[in-house]
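Trainee: I have a model open and I'd like to learn how to read it. Could you take me through a few features?

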Amino acid sequence: MSTPIDVARALHAQGQSFEAEVIVLGALARDPSDTDARSASMAIRRGQRLGAPATVPAIDLRLVDRWIRAGMLVEALALLVANPIQGEEHRVQEWADLLGELLAPVPAHAEPVFVEMHRQLLRGAGTVAMAVLEDRAAEGPLPPWASRRLALLRWMLLDNAQAQVLEEEKTLATSPLARALQPALSQRSLTAARDAAGTFVQQNPTDDEAAEVLMALEALVDEMAAHDHIGLMGGQTVPVMGRPAAAMQLQMASLEGAAALYRKLASGQVKIPEARGLLMSVETVLRALEPRVEPERTFKRPSEEGFEDTTKPASQELRRLAASPVAQGPRTGTFEDDEGPTRVARRGELPLDAFDDSQTREVFIPDDLPPIDPPTVERALDGDPFMDTERGGFDDAVREARAELDMGEPTEVSSEPLEEEMTRVDGGGASKNQVRGQVVIARVIKVGG
Amino acid sequence: MSIRPPAPGWTVPPKQAGDGRALVLYVDVDDQSHELAGQRLRHAYRLLRAGGDREACELLRTYGDDLVAVLLDVDLPGSVLDGILLTRILRGKVPSAALPPFARQMPSINVPILLVTGDLGRYSEVELRKYGGDGLLPKPVDIAHVTLALTDWHLRRQR
């Protein structure tokens, strides 16, 4: 089984450094004495590149499946989010969602026992976390989210451990691609295997794995051709080493032998740069030939009771509220899954006159004003009062509008009138650092207390 | 101009007991992003939505203690403060005098702040971390990315 650190190195080399780092952190949380993980963690912290893995890891769903069964849930989630598994997008998404739910933090004021459960999950002790939840469940009913996590843990760690035993009893089957390649490989001809793969790709143009295998076989056939002179040496007895020796293994269609040699060439003291690519090509073909059992999680998934999708299309009234100037100012808290605002404010509490024609002035910002880049804005904010900050002409326009606006008497008066000024930016400027279009300014009278 | 934060009549409702899921504040002007996020995160998180900077500040004052994370759109079009500036405010990196009144005297929060964008290529995660952010997520957010970013935060703190 590929180690998490090998996978982290491979992901880091592909530029997926965040996911690689989480895998390293997960490995370190599981085993603080893991020297590989520790040195990888230190390298990341120093901003150094991680070295290439000793062996090129096969990253597929079977690997993720094994990691989940072993309780390496953090590493499995990071690998699924990095998503280097082609052709399995749907299942990758499904497993990532389930792991995302399982590892999610507990609520802010949760019982200590739930905090401990989460801590155990992050340190790779899934079975301990499950025991913690089961003990708590024996004392009293769990909240719905905790019940579901317990069910998920049982499903992932127990039910599927049984499924693994059943799977191992099944007869392993070869894939259609492997069956297409086998006759040529039986005749010890990689060239014929390449031709067979080419035919298979033509017949199955959407099969990404077949296309990958075809490319790998083409690279290997080219390598054989590059070292073809070895066969012309006739009766001479000369020692054959290095790449030529591996090419001879390819000529005999001995993929395991070639892989072993390329592995040595890629990791030995005198590294041969091409060896790594050739090793990957050989391993790609070997993977395609492996008998496989699809990792099926056949047990019934935990119930979604209490977690129904309550998202509904917003009503016209809500849309109108959301689009109104009032809604652009502060409003009451709204939970995404509530049917509507938690509390709709009474009209008298909110700025009724906001953006009324009689109370507004419009100023168009000239298009030729230079945009201000974010660092300039940041510097200005560090030193100066906010309202003096130049933001691509925004404040100039506001000041101009303010000067033009003759507001007259407030339209609503109470014992404690509270004046508020509101601004709204319309038009094409999507970023306020590059405001373009129209500034509307309005005087708003709020009734105090 | 006189403003008292929070202004009367703009106060948020009393805290709700909720349903026990972890509470996350998501600040984004786009309704569709809110809906998608609510749908995708619902199994583990309860989303509290804010459509702009002012509303975010109000909700942070009221629900700050209950949150496990804050998701902020980087751009926040239509707001005075963008996601980066809000992050710096919440991390106490901007002097109060330099802030609009509604953003003054904000409580400091000790939960991860994840910035959200529809265009990952525009921003450097390293830069955003300097401003006090704890991660950069693609839109629309989903449960796997959010949890992975929060896991990263928890594991870093445990070290």
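Trainee: What pLDDT does chain A average?

Mentor: pLDDT is the predictor's confidence in each residue, from 0 to 100. Chain A averages 69, and 57% of the residues score at least 70. Over residues 162–171 of chain A the value is below 50, with 6 contacts beyond near neighbours in sequence (contact: C-beta atoms, placed from the backbone, within 7 Å). Residues 338–392 of chain A also stay under 50, yet the model has 102 contacts beyond four places in sequence for them. Where pLDDT is low, the predicted coordinates should not be read in detail.

Trainee: How are helix 2 and helix 5 of chain A oriented to each other?

Mentor: Helices here are DSSP runs (H or I, at least four residues), numbered from the N terminus. Axes are lines fitted to C-alpha atoms over the stretch in contact, and angles run from 0 to 180 degrees between N-to-C directions. Under 35 degrees counts as roughly parallel, over 145 as roughly antiparallel, 65 to 115 as roughly perpendicular and the rest as oblique. The axes of helix 2 (residues 17–30) and helix 5 (residues 73–82) of chain A come within 8 Å and cross at roughly 170 degrees, so these two helices are roughly antiparallel. Among the residues that meet are Val22(A) and Ile23(A) from helix 2, and Ala78(A) and Leu79(A) from helix 5.

Trainee: And what about helix 12 and helix 15 of chain A?

Mentor: Their axes come within 9 Å and cross at roughly 130 degrees, so helix 12 and helix 15 of chain A are oblique to each other. The contact includes Leu217(A) of helix 12 and Val282(A) of helix 15.

Trainee: In chain B, is Pro112(B) buried or exposed?

Mentor: A residue is buried if 20 or more other C-beta atoms lie within 10 Å of its own, exposed if 12 or fewer, and partly exposed in between. Pro112(B) has 23 such neighbours, so it counts as buried. Its contacts beyond four places in sequence include Ala149(B) and Trp153(B). Ala149(B) is 37 residues from Pro112(B) in sequence but 8.7 Å away in space, C-alpha to C-alpha.

Trainee: How many residues of helix 3 of chain B are buried?

Mentor: 8 of the 8, residues 83–90, so helix 3 of chain B is largely enclosed by the rest of the structure. Just after that helix, Gly92(B) takes a positive phi of about 70 degrees.

Terms used:
Residues numbered from 1 in each chain as written. Chains lettered and ligands numbered in written order. Predicted model: local features only at pLDDT ≥ 70, side-chain atom pairs only at ≥ 80, totals over all residues. Contact = placed C-beta atoms within 7 Å.
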